[in-house]
Amino acid sequence: MKCQVCRGPAIIDVRRHNANFCSDHFLRLCRDQTAKSIKQFEMLEPGDRVLVAVSGGKDSLAVWDILLALGYEAEGFYLGLGIGDYSDTSSDHARRFAEERGLTLHTEDLLREYGFDVTHGSRAANRVPCSACGLSKRHLFDEAARRGGYDAVATGHNLDDEAAVLMGNVLHWQTEYLGRQLPVLEARNGFPKKIKPLVRLSERDTAAYCLIRGIDYLVDECPMAVGNKHLSYKAALNDIENDSPGAKHAFYFKFLAQAAERFRPDATGETVEISPCERCGAPSSNEICAFCALAERATAAVPIHMGATRSRRKRVNR
Ligand code: Q46
Ligand code: ZN
Ligand code: ZN
């Protein structure tokens with residue numbers, strides 16, 4: 001097996017490109033594909049400051065590493081979710097990555113700063129864990145980006161993630177979600193720009209990238225993901241990809257090129273009036289934003305951690 005670029009010994013085959021690569025040229029491929037997405041979808045301008053949402057997993061650490069390699073000023077933001085050992089280990093991986101490379105990692109912790117964690121808070125607020133978790137992450141990443149004046153928030157969503165979400169949206173014909181399923185969401189109404197630079201890379205690519213770069217990432221999946229429909233969509237798409245390399249890429253990128261625009265009118269939010277949340281000041285379509293409402297319900301039934309009292313008081317007074 002020879003590298004398609006230098007004809008030296010290849011270490012990986014990328015079937016959807018019908019090519020093999022040595023480690024150097026595979027790294028270059030990953031960076032080139034990311035740069036191509038950034039350019040194609042106008043995600044960033046040269047010199048932009050980016051806040052990377054870091055979980056300690058392969059995708060978020062890979063996107064941080066690649067953005068730095070491409071010359072962007074990228075800092076990390078890690079949110080402690082309080083999901084037992086998973087959160088402890090993920091935080092270790094994120095911190096170690098930053099420390100070893102002298103990078104800035106901003107951290108917050110749901111329990112310490114806001115008085116609830118995903119496990120107990122979601123139960124108390126009568127929400128499924130992933131809903132409470134996703135809402136908290138979106139809100140606090142946005143807040144951190146606004147506070148720090150970053151040009152965009154980057155997440156590590158890859159091709160497998162986006163194709164699986166697309167499959168779920170198509171299976172249920174969720175046209176509103178289809179109208180919003182883009183690799184970049186422009187800043188508007190006080191919300192920061194959101195970008196997904198890894199949409200041209202698969203999960204296998206980001207794992208291989210980390211391995212070659214010596215990035216020690218958290219391999220375990222979040223225990224709350226068990227039973228998540230997107231895992232079965234990913235498995236189904238992997239079967240299809242196996243028989244027909246490139247099918248996943250075609251499914252997602254042809255949707256973006258040929259269909260996404262048709263669902264744009266179904267995406268709500270464009271006409272909803274946005275004003276600052278009465279409690280935290282974040283942009284919201286209600287008097288109190290969804291995160292503050294969640295925090296109120298979650299903390300009402302969860303014993304408040306000592307360290308949380310300062311932040312809770314601060315939040316109520318704002
Ligand atoms: S971290 Fe959070 Fe995921 Fe865990 S609780 Fe669900 S949403 S599965 S990306
Ligand atoms: Zn090569
Ligand atoms: Zn709020």
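**Exercise 1.** Is C292 buried or exposed, and what is its relative accessible area?

*Solution.* C292 has a relative accessible area of 2% and is therefore buried; the term buried means under 20% relative accessible area, exposed over 50%, and partly exposed in between (1.4 Å probe, protein chains only). C277 and C280 are buried as well.

*Conventions.* This is a predicted model, in which local features need pLDDT of at least 70 and side-chain atom pairs count only at pLDDT 80 or more, while totals for chains, interfaces and linings use all residues. Residues are numbered from 1 along each chain as its sequence is written, chains are lettered from A and ligands numbered from 1 in the order in which they are written, and side-chain values use heavy atoms, with hydrogens and water left out.

**Exercise 2.** Determine the donors and the geometry of the zinc ion (ligand 3).

*Solution.* Step 1: donors are N, O and S atoms within 2.8 Å of the metal (3.2 Å for Na, K and Ca); water is not among the atoms, so sites may look incomplete. Step 2: the SG atoms of C277, C280, C289 and C292 coordinate the zinc ion (ligand 3) at 2.3 Å. Step 3: these 4 donor atoms subtend angles of 107 to 112°, which makes the arrangement tetrahedral; four donors count as tetrahedral if all angles lie between 85 and 135 degrees. Step 4: along the chain, the donor spacing is C-x2-C-x8-C-x2-C.

**Exercise 3.** Carry out the analysis for the zinc ion (ligand 2).

*Solution.* Step 1: the coordinating atoms are SG of C3, C6 and C22 and ND1 of H25, at 2.1 to 2.3 Å. Step 2: the angles among the 4 donor atoms are 95 to 115°, and the site is tetrahedral. Step 3: the donor residues follow the spacing C-x2-C-x15-C-x2-H. Step 4: C3 and C22 are both buried, whereas C6 is partly exposed, with a relative accessible area of 40%.

**Exercise 4.** State how many disulfides the structure holds.

*Solution.* With a disulfide taken as a pair of cysteine sulfur atoms within 2.5 Å, the structure holds 0 disulfides.

**Exercise 5.** Characterise the shell around ligand 1.

*Solution.* Step 1: counting residues with a heavy atom within 4 Å, the shell consists of I83, C130, C133, K137, C222, M224 and A225. Step 2: by class, there are 6 nonpolar, no polar and 1 charged residues; Ala, Val, Leu, Ile, Met, Phe, Trp, Tyr, Cys and Pro count as nonpolar, Asp, Glu, Lys and Arg as charged, and the others, Gly among them, as polar.

Definitions and conventions. Four donors count as tetrahedral if all angles lie between 85 and 135 degrees; four count as square planar and six as octahedral if opposite donors are over 155 degrees apart and all others between 65 and 115; anything else is irregular.
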